[in-house]
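Please open the model in your viewer and have the selection tool ready.

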Amino acid sequence: MSRFRAPSGIALAVISLTVLPVQSSPMTHGIDLAGIDHSVVPGDDFFAYANGAWIKKTEIPADKASYGPGEILVEKTREQVRGLIQDAAKGKPQPGSDAQKVGDYYASYLDEAGIEAKGLSPLKGEFANVSAIKDKKSLSIYLGTTLRADVDALNSTNFYTDNIFGVWISQGFEDPAHNIPYVLQGGLGMPDRDYYIQQSPKMDAVRAKYRAHIATMLKLAGIADADNKAQAIFDLESKIAKTHASREDSEDVKKANNPWKRGDFAVKAPGLDWDAYFAAASLKDQQNYIVWHPTAIVGTSALVGSEPLATWKDYLTFRLVNHYAGILPKAFVDAKFAFYGTTLNGTPKNRDRWKRAIDSTNANLGEVVGKLYVAKYFPPSAKAKIEAMVKDLLAAYHARISRLAWMSPKTKEKALAKLATLRVGVGYPDKWKDYSALEIVRGDAFGNLRRAEMFEYKRNLAKLHEPVDRGEWVMVPQEVNAVNLPLANALNFPAAILQAPYFDPDADIANNFGAIGATIGHEISHSFDDTGALFDAQGRLANWWTPDDLKHFQEAGAKLAAQFDAYKPFPDLHVHGKQTLSENIADVAGLSAAHDAYMLSLNGKKAPVLQGLTGDQRFFLAFTQSWREKEREEALRQQITIDGHAPAEYRGDTVRNLDAWYPAFNVKPGQKLYLDPKSRVQVW
Ligand SMILES: [Zn+2]
């Protein structure tokens, strides 16, 4: 439930940027007037009106799949983080200190010569473990050792893991006082089942390239008969894919609430030796689970029973090489990028090594870096300003909910209770994670990553024996994003998104409400959307809506889904209104609440005209300029296929659902974005 699409584990190029100072011209505290295309009528195509001139003059840098303010901030933040890490590493830090960890992790990743010299030797131990698999039991044990806490079904909505299953540990659906493991599907090398199943010339071509990619990686690893093995691995993955839930079904919480006891696995999902699997995964004594994707757990387990051992062993060998390719010799790095960067995302060039090193450090030592980052770049004054805006937004929601004509008093009472207990985190967590158990060794890039993955897994397993911590963050402070945590009824606004153009302490309040205000409103709305409506103030899965209220909500949702289904960026592909519904509701609600909050902040005074624009004009332009983005075709197709967020362009057109947008830009019937008042979606 985040602001931006989640960078899936394999979409290498989603967050990768280069600063182009000429194009970004960030120093005008206000609307980018030069980015407006005055040849477009705002009511026909508001995204093109607000951003057309910028789109025309901007080229997507060669190492990126898309480009816009989000990517520019990622780039800027990455530069800042590099400086912090380099400073921290100066002057011989104490072994085991934060400075030693970030410095050595980064330096090891950067050490291409050292990595080249080692060849595949870091993987030797794991290759030997795969070779030693001799029966279904030892296969099950090995698979158990691959389980990691690398998915997140409700917060970052990351449904991807390349291990056969992934685990997400969070409070129970029906028992919010205790944490429980949620078991998710996995095991594919391409982003989603659609890539294996969908019949189209585009997907046929991607599949052929993926088979070739598997063969390339096996050949690089010196494995004989690579082409035949690649075909068998591809066939096995295709069989796994057929058991997978679709992205749309993955988002349906009601389909995910399948409590299984430990003993149920062997009965309901025969094939895998579950005793061996759970023991190897350090879950021997865990009795209660929630199986998010039952068809895949059943189907994949059956494939462990039915498919030849030799195919599984080849599959696991490929998984290892593919997963760790980024810290193997250059030939592996390049081969992986050719498929995941270029074929899947259309990105011509890999980003520089140091950028990948920073991204990996951020991913694996996130809060260690985050602590350094906020100390230098997130002053208390910025935190205070955002907290004041959050207060205004919460007040706007309170007023909107209270005056809703269609909602029953009973449901309103529950909604307001939920609003009152919402925990809003701004900038960084109150309590930092403890990384003392994670050992980082200079010169051991592979070992560092392996240990970091295992550290994260163990840290999550420990939560099974600890009280639920609603203050835990799921994003790191240096991440340009924001997120709602439905079970914790909490929001995280990392420090890095609280920068211009989203939030500019020197800009007019209309701009800030249109940009970051709408994002804050977006995240608050997730507590009350089609998913949020399923969780009460304690995060318990309990529908707190009356049937009539839910019916009204679903009707409004259906209208919005139809609005988005009609957007067609390619002749053969339209936006999926249902798959993106939660996010689109959040955009409409967030923008509406931000507009209310802006009005409240004026205290009845008339907004000043600045830059030749009225307050409302600045508000809406700031919103739609915050969504400006250019995206490569492959990346856009991937996003439409697997992501819960609609493409940025259509999110920028959310304005058409707000009455105030019409007079602000003189929008008239007959213009393409015009909606008659009945067709404008107003959920909250
Ligand atoms: Zn969202």
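The stops below concern salt bridges and then a pair of helices.

The model is predicted, so local features need pLDDT of at least 70 and side-chain atom pairs count only at pLDDT 80 or more, while totals for chains, interfaces and linings use all residues. Residues are numbered from 1 along each chain as its sequence is written, and side-chain values use heavy atoms, with hydrogens and water left out.

**Stop 1: a network of charged side chains**

Side chains of opposite charge can pair when their charged atoms come close. Here a salt bridge denotes a side-chain nitrogen of Lys or Arg within 4 Å of a carboxyl oxygen of Asp or Glu. The whole structure contains 42 salt bridges.

Select Asp63, Lys64, Glu75, Arg78, Arg351, Lys355 and Asp359, which salt bridges link into a network. Within this selection, display Asp63 and Lys64: their salt bridge has its closest N and O atoms 2.6 Å apart. Are these two residues buried or exposed? Asp63 is buried, with a relative accessible area of 4%, and Lys64 is likewise buried, at 0%. Buried means under 20% relative accessible area, exposed over 50%, and partly exposed in between (1.4 Å probe, protein chains only).

**Stop 2: a pair within helix α20**

Next, select helix α20, residues 380–403. Helices are DSSP runs (H or I, at least four residues), numbered from the N terminus. Show the side chains of Lys383 and Glu387, which form a salt bridge at 3.9 Å, N to O. The two lie four residues apart in α20 and are therefore separated by about one helical turn. Glu387 is partly exposed at 35% relative accessibility, whereas Lys383 is buried at 16%.

**Stop 3: Arg540 and Asp536**

Move to Arg540, whose salt bridge with Asp536 has its closest N and O atoms 3.9 Å apart. Arg540 is partly exposed, with a relative accessible area of 35%; Asp536 is buried, at 14%.

**Stop 4: helices α24 and α25**

Finally, select α24 (residues 547–565) and α25 (residues 581–602), whose axes come within 10 Å and cross at roughly 100°. Axes are lines fitted to C-alpha atoms, for helices over the stretch in contact, and angles run from 0 to 180 degrees between N-to-C directions.

Which residues make the contact (heavy atoms within 4.5 Å)? On α24, display Phe553, Gly557, Leu560, Ala561 and Phe564; on α25, display Leu581, Asn584, Ile585 and Val588. These contact residues divide into seven nonpolar, two polar and no charged. Ala, Val, Leu, Ile, Met, Phe, Trp, Tyr, Cys and Pro count as nonpolar, Asp, Glu, Lys and Arg as charged, and the others, Gly among them, as polar.

Definitions and conventions
Contact means heavy atoms within 4.5 Å.
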